[in-house]
Amino acid sequence: MLKLLIKKEFLTALRDIRLQVSGTVLLILMLTAVLVGRQGQKQIHEEREKAQSAMYDKWVNQGAKHPHSAAHYGQFAFKPKPVLSFLDIGLDNYTGISVFLEAHKQNEILFSAAQDSNGMTRFGEMTAALILQVLLPLLIIFLTFNIFSKEREEGTLRLIHAQGLSMRQLFMGKVWGTYLMVLLIFLPVILMAYLMLDQQSASMDPTVNTKFMLLAAGYSLYFLVFVLLCVLISAFARNSGISLIGLLGLWIISCIILPKATSNLADKVYPTPTQFEFTRTIKEKVRNGIDGHNPSDSRLASLREKVLKEYGVETIEELPVNWSGIAMQAGEEYTDQVYDHEFTKVENIFKEQNKISEWAGFINPYLAVRNLSMSLAGTDFYHHVAFARAAENYRRQFVKVMNKDMELNHKPGVAYGDYKVGEEMWTSIPAFKYDLPDPISILSNQWRSIAALSLWLIGLFFLSSAYAAKIPKL
Amino acid sequence: MLVTLGAGIYGIYFGKFEIDKQNERIAFVKDYEREKFDSLLVWARLDTTITENKEKYEQAVSPQGVGYTLHFAYCIANQPAPTAGLCLGQRDLYPSYYRITMTDLSRQMNTGELANPMKLLTGNFDLSYVFVFLFPLLIIALFYNLYAGEKEGGTLSLLQSQSVPLRSILLSKALMRMLVVFGLAFLLLVLGFVLQGITLGDNSGLLFQWLVVVFGYCLVWMILMGAIVALRRSSALSAMLGFGLWLIFTLITPTLINLFVLANEPLPNRTTMIHELREESGKNWDNPKSYVLNQFYQEKPEFNDGDSIDFYKWYYASFAVLDLKAKDMKAGFEQQVNKRNTLLEKWMWLAPAAIVHNGLSKLSNTDSDSQKDFMREVEKNHTELKNIYYTRIFAKEQFSIQDLENIERRL
Amino acid sequence: MLHVIHAYDTIAYAVLKLKIGFLMLEAINLSKSYHDHEALTDLNLSVAPGEVFCLLGANGAGKTTTINLFMGFISPDGGQVKVNDLDVVSNPAETKKHLAYIPENLNLYGNLTGLENLQFFSGLGGEKADKSSAEALLSSVGLQSDAIHKRVSQYSKGMRQKVGVAIAKAKKAGNLLLDEPTSGLDPQASNEFAQLLQEMRQNEVSILMATHDLFRAKESGTNIGIMKAGKLIHSLKSDEISLTELEQLYLETMKTESYAEATH
């Protein structure tokens, strides 16, 4: 019975010229988005790889110098372009792409694409995500807005009912018929996207297959939610016109208006601190101590005492190790501590802000799938922070190595300019490498969005089984 | 219509909220820096016969002390234009102020404002957004059944039986709806101006420009809808056609253009600039002092006193030399960026929504060009600031109270 | 005199019901109202196998409401509708099995062919018709063979009605409900339709038909009921009355209706 209903929905829809046109347009858009997007992703990925290795080369070939000078010379970390980012560009245009890593200082991740573009960028990019999240639901609306009312107006609904079919059976037939049609468009394109994955960048992320599957599954879930919602609304709408207006209104509110309103609200509820405050607080806390009662002078004095005691000597000059190296590393570590403290604070504010949009997924499935998709594509805030942390850890590591070398090998009495290390030391620092978060951490980070989608699905199935029998037949 | 009105009022409110926040930040930082500088002025006026004061006084009047050791920074703000709150444009992407010292500018500009990228991505719900995205929807909703509504409601034959031609009846209906749209736009704009605290009297020209852009845009949509109505198709099809146009012009064309341009014209790698500057900075340190000073004197012959060994002269000249080199590099990047933006602009005609949004941003000085103007202003201020310092440093003089007051006036 | 016939009929059916246990289609004290308007008041009627019960009456008299109640499209406010002695409200699925239905304006799926429409609907009815038997069925109801594979959107009303008949026939149900099936058909198509009814009647199908066509009712019906304002005013055997008498009776009933309306 279900098969028969699905077949009929398929046939009638496939023979509808309006759906033929909009379906074809959508398919062409999808193909374009995937092809061009993938090309762009590959190009950017290669460019960043090249830049990363070129900058590492500079580090290796910086010539013989004092290790602390080298720490000042610094290194760069480039954010790799995640392989799945061509499906969902997410925040990529709005987050910085590289950071300069040097001694004493946590630099900002700079140069977002949006800053270098004109106002056009704010309209977004035609990616697969945009099509799947925003345009495909529109196709679903066009497929379903009169799926019941037309049959009601034409009288075929009576005939179907006369044949002994219950409204519940008919409802499910229409849901699955529409859903299969959506999958018919979605699956080939997503499969093609999978086959076209840039292998070179895919090799950077061993879990890319799992992420891809999860992404496809997330979207499949979203489409089912949307199909159920649309069929349910159209089943109870008085006529096709009302159903179309209602569904389009719903689409405009959930895809166009609510996302903006939500993120604006989030900024109001959890105000973003300013960069000025952020840097000033760090500076002050470094100077006066995290608790405000441990100024840097006294910290340094107690460190000196401790080191002198450790080596059993009276003065710095008598130390067998380089005092500056020790002091610098201690200062570095203290700054790191303060920085972590402040950075986590800001990060938490942003997380709270983003949580509002994740919670909003419970009232707007579009937001749920948007957050989930971004996350799996590796282009959400979580990934940005992961990169920032990885880069900062790398900075700490190599600065520490430089300081340690200075402490141990730059013997007291040797002038700064006379102690030099060379390539052997530079190559002992491996090039920056950043592993994308694994799927499990992504999913646990996105549990709200997943829960929201599941709840929508369960709720809609529940609603339809409760109310399908009450669908008016006349 | 009520929804549009509500959205418009929310947009005005939100834009005001954002701009007030930016103004607050700017005021806060300015006050902070001024306070710091005021204490410096107090030091400069101290009685130096008292020994404890001597050190403070010397720091305050030493160009090196003021400019570098004391970390005194000079805040240059991009004050929002009157209507910035109605169209936030690109403002949220850039810092609304820079704190600069007289060291090299190029590395000081590498800073941003803390912003949640998620918010940048979704964009601002300001009045311009309501005009660009929601107004066309309102127009579609008002116009789609202009003809079909009569036909489907069964009143068409009644209308046709009147002695007035159908065309003029429909035209007058369209005019009524047009008045409604224009009236609402006018109301929202005036409301926006008043609520943002923009005095209408002084800014009537600006209001007029806004009206021209917004009305023009609405008119384009009404003409499009008129053409759809003239096809005399069913109301459902007319609505779908209108909505399809809306999709194409506000969603599909801009994103498609972005897709092609962003994918095919990747941005230049600005990181190389940081790298090259560190190389240059290394050269400044590694070479004899004359390496820097000779370059500096060539550029600024007025400071050339033949001295090529003085540490302070070398130290400060090296910043100027760095900036000089950065300027060339930057020009190269700008050129590449411009090439891309010209490409975007070349195709922009396909996306009227983007054109209008850009136009409104221009009126509000919140577009990327205004940001570039601001950067030039920062540069100019930095140069002037540097001149005050360099005059004293190269003359090996201390700041006079006059100098400090001169600087203060710029704060 | 006519009231006497009515009374006689009621007795006759009661006897018949006793004999075979139940009647195929039966309405008992059926009432239905929309908002404050009473569409049907205390309707009693029954149709036995081999009978064609024709409901006559003006628009809004309650003919279609009666049929819709039998079909379970709407539920009654009072009384009972029974099909094969099963209550329609409490056994919606079971009663549907015994009902075939042809609505007034039969709009099939325009972008499916006649054959596809038939296959779809009969499939829903649980009768999987393979292609050749479906084709045979369609030609048996008089659809031209070249039309069978054309999309229904190109069909005339008569052709669509034929597909409807084929769908009804395919179901092989014991009861057939027809809602003004001949309205808008040309005389030839209408005649073909009458023949089909005759054929089904001979197969012991109970048929309830709402119609405006007095001639057709007299011709094809075994029983005739005249309705007005939700009430069954007259119920008689068609062989007990001539066409002229029927016309007279009908007009008279309608007149009292308009009279009743005027005095209201």
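**Figure 1. The contact between chain C and chain A in the predicted model.** Here 24 residues of chain C are in contact with 21 residues of chain A, two residues being in contact if their C-beta atoms, placed from the backbone, lie within 7 Å. Two or more residues each come from H2, helix H3 (92-97), strand E6 (99-102) and helix H4 (114-124) of chain C. H4(C) gives the largest share of this side, 5 residues. By class, the side of chain C that touches chain A holds 14 nonpolar, 7 polar and 3 charged residues. (Nonpolar covers Ala, Val, Leu, Ile, Met, Phe, Trp, Tyr, Cys and Pro; charged covers Asp, Glu, Lys and Arg; the others, Gly among them, count as polar.) Helices (H or I, at least four residues) and strands (E, at least two) are DSSP runs, numbered from the N terminus. Residues are numbered from 1 along each chain as its sequence is written, while chains are lettered from A and ligands numbered from 1 in the order in which they are written. In this predicted model, local features need pLDDT of at least 70 and side-chain atom pairs count only at pLDDT 80 or more, whereas totals for chains, interfaces and linings use all residues.

**Figure 2. The packing of H4(C) against H6(C).** The axes of H4(C) and helix H6 (residues 157-171) of chain C come within 9 Å and cross at roughly 30°. Axes are lines fitted to C-alpha atoms, for helices over the stretch in contact, and angles run from 0 to 180 degrees between N-to-C directions. The crossing is right-handed, that is, the near helix is turned clockwise from the far one by less than a right angle. From H4(C), C:Gly114, C:Asn117, C:Leu118, C:Phe121 and C:Ser122 meet C:Val163, C:Ala166, C:Ile167, C:Ala170 and C:Lys171 of H6(C). This contact has 6 nonpolar, 3 polar and 1 charged residues.

Figure 3. Strand E1 (residues 25-34) and strand E4 (residues 78-83) of chain C are joined in the antiparallel sense over 5 bridges. C:Ile28 has C:Gln80 in E4(C) as its bridge partner.

Figure 4. Contacts join 10 residues of domain 1 to 9 residues of domain 2. On the domain 1 side, helix H7 (residues 187-202) of chain C supplies the largest share, 4 residues. That side divides into 7 nonpolar, 1 polar and 2 charged residues.

**Figure 5. The contact between chain B and chain A.** Of the 2 pairs of chains in contact, chains A and B share the most contacts. The two sides comprise 56 residues of chain B and 62 residues of chain A. Among the elements of chain B that give two or more residues are helix H1 (2-44) and helix H14 (311-347). H11(B) provides the largest share, 13 residues. Chain B and chain C do not touch, their nearest C-alpha atoms being 18 Å apart.

Terms used: Two strands pair if DSSP finds at least two bridges between them.
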